[in-house]
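Please keep the sequence and the structure in view while reading the points below.

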Amino acid sequence: MRERDYSRDYYRRLYLTGGTFRVVTTEHTGMLSRPEREGVERAFKAGTHYTDTNVLSCTPTLELGIDIGDLSAVLLGSLPAGPANYVQRAGRAGRRTGNALVVAFGGRRARDLYYLDQPREMIAGTILPPGCYLSAVEILRRQYTARLLDLAARGELRTSDGETLAPVPRLSSALFGTSGWCQDLADAAQTHGASLVKEFLTLFPTGDGQDTDMEGVSEHAAGTNCARTRPEG
C-alpha cells in the first residue's frame, strides 16, 4: 500500500501555519451577581488579554438587548420552543459584522426530528407577537404600580408635602409601617392620582377598537397602598 504524502495536505498546513487560539469559557447565567455579569460582558467585548473570555456558556439570561460585542457564532444545545425563541437566541450573533454561524442540536424526539427535516418551519416560521387584554384590571394595576415605581426611581414623584419620593430602599425594614416607604408611595399616588392616571393613559394607543377598563386603574390610583404586598408573619 502506497504511503500517503501529507506534506501538501490542507489541514496539515492549516495546523502548522495557523496561530494558537486559546479558548477561555465563562458562564453567563442568572446565578451571577450584576457586577460579575457585567465583568464577564466587558471582558468578552474587549478581548484584549489572553485570559479574557471568548466562549460563553449561556442560559436565556443573555437577553436580546444586551450588547455582547463581536459574537460570531451561537451553538444551541437544544431546539428552541418555537420560531420566536429561535430568533431571540440566534439573533444575538452577527450584529456587528452581519455574518454569523448558528448551529442547533436536535434530539431524537419526534418534534426535533420534524424540525430537522423541515428547518424552514423553525428558521423562517411565523412569529406570533405576545398580547393581552387591556381590560384585564389586574394587569393594568400591576402596570400602573410599576409606573409609579419607575417615577420614584427617576425622582419624579412627590408626596403631599412636596417632598421628592426617594427610590425603593434596599432594606425591607424601611418599606413598611406608618412611616415606611410604602406609606409615602401611597400618599404620593393618592395626592396626585388624577394627573398620574392621565399620564399613564397616554402611554396606551387609542383608536384601535379595544375596550380598556380604566375604571379599575382610577380606583387603584385612589387607593394605592403597597403595604398590601407585605408578607404575612
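Leaving aside residues up to four places away in sequence, Leu101 touches Ser72, Ala73 and Val74 in this predicted model. Leu101 has its place in strand E4, which covers residues 101-104. Between the C-alpha atoms of Leu101 and Leu75 the distance is 8.3 Å, although the two residues are 26 apart in sequence.

**The largest pocket**

- The largest pocket has a volume of about 560 Å³, and of the 21 residues that line this pocket, those closest to its centre are Leu56, Cys58, Ala73, Val74 and Leu75.
- Two elements, strand E2 (55-58) and strand E3 (73-76), are the ones that give two or more residues to the lining of the largest pocket.
- Sorted by class, the lining of the largest pocket holds twelve nonpolar, six polar and three charged residues.
- Ala73 and Val74, which are among the residues closest to the centre of the largest pocket, are also touched by Leu101.

**Packing of helix H6 against helix H7**

- Helix H6, made up of residues 137-153, packs with helix H7, residues 181-191, at an angle of about 105°, and the axes of these helices are 11 Å apart.
- Since angles of 65 to 115 degrees count as roughly perpendicular, H6 is therefore roughly perpendicular to H7.
- On the H6 side the residues are Leu148, Leu149 and Ala152, and they meet Trp181, Leu185 and Ala189 in H7.
- The contact of H6 with H7 has six nonpolar residues, with no polar and no charged residues in it.

**Packing of helix H6 against helix H8**

- H6 also packs with helix H8, which spans residues 193-201, at an angle of about 105° and with the axes 11 Å apart, and this angle makes H6 roughly perpendicular to H8.
- Leu140, Gln143, Tyr144, Arg147, Leu148 and Leu151 of H6 make this contact together with Gly193, Leu196, Val197, Glu199 and Phe200 of H8.
- By class, the contact of H6 with H8 has seven nonpolar, two polar and two charged residues.
- Leu148 of H6 takes part in the contact with H8, and Leu148 also belongs to the H6 residues that meet H7.

**A buried and an exposed residue**

- Is Asp112 buried or exposed, given its 5% relative accessibility? Asp112 counts as buried, because its value of 5% lies under the 20% limit for relative accessible area.
- Asp112 is found in helix H4, residues 110-117, and, not counting residues up to four places away in sequence, Asp112 touches Leu79, Gly106 and Gly107.
- Ala124, by contrast, is exposed with a relative accessible area of 58%, and Ala124 lies in the loop between helix H5 (120-123) and H6.
- The C-alpha atom of Ala124 is separated by 9.6 Å from that of Tyr86, and these residues are 38 apart along the chain.

**The chain as a whole**

- The secondary structure of the chain comes to nine helices and four strands, and from the N terminus on the elements follow the order α-β-α-β-β-α-β-α-α-α-α-α-α.
- The chain has 233 residues, of which buried residues make up 26%.
- Among the contacts in the chain with a separation of 6 or more, 65% are accounted for by residues 24 or more positions apart.

Terms used: Residues numbered from 1 in each chain as written. Predicted model: local features only at pLDDT ≥ 70, side-chain atom pairs only at ≥ 80, totals over all residues. Heavy atoms only, no water. 1 Å grid on protein atoms, 1.4 Å probe; cavity = no way out; pocket = protein on both sides within 12 Å on 5 of 7 lines; lining within 4 Å. Points joined across faces, edges and corners; volume = space filled by probe spheres on them. Nonpolar A, V, L, I, M, F, W, Y, C, P; charged D, E, K, R; others polar. Axes fitted to C-alpha atoms, helices over the stretch in contact; angles between N-to-C directions. Parallel < 35°, antiparallel > 145°, perpendicular 65-115°, else oblique. Contact = heavy atoms within 4.5 Å. Buried < 20%, exposed > 50% of the residue type's maximum accessible area, 1.4 Å probe, protein only.
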